[in-house]
Amino acid sequence: MMQSHKPEKPNDPLKKKPMHQTCNICNGVLTTRFSEVRDPITDEFFTILACTKCGLGHTNPQPADLSRYYGKQYYGSRHGITSKFCVRQRVHFLERTAGRATNKRLLDVGCGDGSFLLAARDAGWNVMGTEINPRPARAFGLDVRHTLNDIDHTERFDYVTMWHSLEHMKDIKSTLLLIAGLLTPQGRLIIAVPDNSSLQARLFGPRWLHLDVPRHLYHFDPGSLHFSLENAGFHVCRSRHHEIEYNLIGWSQSAMNYLNPTPNIFLDFLTGKGKDHSVWTRTSNFILGSILTLAFTAVLPVEALTGRSGTFVMVACRKA
């Protein structure tokens with residue numbers, strides 16, 4: 001299971017090009033938080049900068065073309081064996097927040113394969129989505145656009161959801177302003193993101209699973225997301241910690257990334273990726289990952305009580 005070699009850092013000319021040195025949200029000064037964070041797919045190394053004013057983390061550099069950082073190795077089965085549980089939890093959260101879905105319109109930004117939209121449609125919502133690769137979701141007959149800019153500016157939605165997609169957007173403020181214009185006056189925006197100030201994020205540092213550079217261009221904590229929303233004309237209605245499977249895998253896989261120089265083997269197995277690994281590697285990592293995941297369930301109540309879970313969700317409405 002353990003491998004002794006250390007991956008070489010690729011000689012990537014893109015790495016020599018610095019990004020802008022001010023915050024995307026507040027124009028605050030950026031300082032280095034982590035000098036080297038490894039992309040588990042390409043083995044390239046990136047830096048994470050943090051704003052000294054609002055705390056928003058920035059991946060550096062931010063590649064002009066992100067397409068090669070996605071694809072089959074990234075998508076796999078997305079949530080894999082936890083997919084149904086994840087979708088069910090998200091629909092339940094939406095229903096608790098929005099009430100009955102009669103004649104209500106929902107936009108899911110970054111809808112992936114459309115699983116959540118299908119479940120929401122079955123629950124009575126009129127649905128639309130956006131996704132950088134819309135073909136898998138469109139195969140289910142869903143109305144999915146490539147980007148927010150492809151949605152007519154006269155469209156209005158009662159709810160917009162962003163399940164771990166805001167951190168992938170190139171410009172946070174412009175994205176949130178676009179969404180504000182698509183909401184009805186009483187509409188709500190639901191955003192779930194990894195918590196950059198969580199216990200697991202602080203413990204595992206640059207090996208924390210949910211950094212996922214360079215696909216995660218930005219790294220939030222509750223304060224920076226609250227600031228971003230307020231700055232774009234939203235008022236935060238409520239917040240809570242959410243999505244048990246994200247929190248659990250954040251603990252177990254991050255711990256394993258300290259033990260194994262090849263990252264995310266356990267996660268790759270769960271999501272239907274990593275088929276190039278040997279049977280022994282996949283089996284041993286699955287056994288260890290399962291043991292660690294069970295062990296870390298004891299930490300989840302501590303995370304919840306301290307408000308420091310690996311992920312969190314905010315519900316926001318437009319300011320009057």
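In which helix is the place of Ile291? Ile291 sits in helix 10. Helices (H or I, at least four residues) and strands (E, at least two) are DSSP runs, numbered from the N terminus. The structure is a predicted model, in which local features need pLDDT of at least 70 and side-chain atom pairs count only at pLDDT 80 or more, while totals for chains, interfaces and linings use all residues. Residues are numbered from 1 along each chain as its sequence is written, and side-chain values use heavy atoms, with hydrogens and water left out.

Ile291 counts as exposed because its relative accessibility is 52%. Here buried means under 20% relative accessible area, exposed means over 50%, and partly exposed lies in between (1.4 Å probe, protein chains only). A nonpolar patch on the surface is formed by Phe269, Phe286, Ile287 and Ile291. Together they have about 360 Å² of accessible area. Helix 10 (residues 279–296) gives the largest share of this patch, three residues. Patches are made of residues with over 30% relative accessible area and no salt bridge; like charges are joined within 9 Å, and nonpolar side chains (Val, Leu, Ile, Met, Phe, Trp, Tyr) within 5 Å. A salt bridge is a side-chain nitrogen of Lys or Arg within 4 Å of a carboxyl oxygen of Asp or Glu. Accessible areas come from the Shrake-Rupley method with a 1.4 Å probe, and for residues only the protein chains shown count as cover.

Seven strands make an open sheet in the order 6-5-4-7-8-11-10, with mixed pairing. Strand 6 (144–145) and strand 10 (234–240) stand at the edges with a single partner strand each, so one side of each has no neighbour in the sheet. Two strands pair if DSSP finds at least two bridges between them. Strand 10 pairs with strand 11 (residues 311–318) in the antiparallel sense, over six bridges. Arg240 stands opposite Val313 in strand 11.

Helix 2 (residues 83–98) lies across strand 4 (105–109), strand 7 (157–163), strand 8 (183–194), strand 10 and strand 11. Its angle to strand 7 is about 145°. Axes are lines fitted to C-alpha atoms, for helices over the stretch in contact, and angles run from 0 to 180 degrees between N-to-C directions. Contact means heavy atoms within 4.5 Å. In helix 3 (residues 115–122), the buried residues are Phe116, Leu117, Leu118 and Ala120. Their cover includes helix 2, strand 4, strand 5 (126–130), strand 6 and strand 7.

Strand 2 (residues 45–51) is mostly covered, with seven of its seven residues buried. Phe45, Thr47, Leu49 and Cys51 are on one side, and Phe46, Ile48 and Ala50 on the other. Six bridges join strand 2 to strand 1 (residues 30–38) in the antiparallel sense. Thr31 has Ala50 as its bridge partner in strand 2. Strand 2 also runs antiparallel to strand 3 (residues 57–60), with four bridges. Ile48 stands opposite Thr59 in strand 3. Five residues lie between strand 2 and strand 3 in their hairpin, and Gly55 in the turn has a positive phi of about 90°.

Most residues other than glycine have a negative phi, and most peptide bonds are trans. The bond from Asn60 to Pro61 is cis, with omega near -5°. Val213 and Pro214 are also joined by a cis peptide bond, with omega about -5°. His164 has a positive phi near 55°. At 9% relative accessibility, His164 counts as buried.
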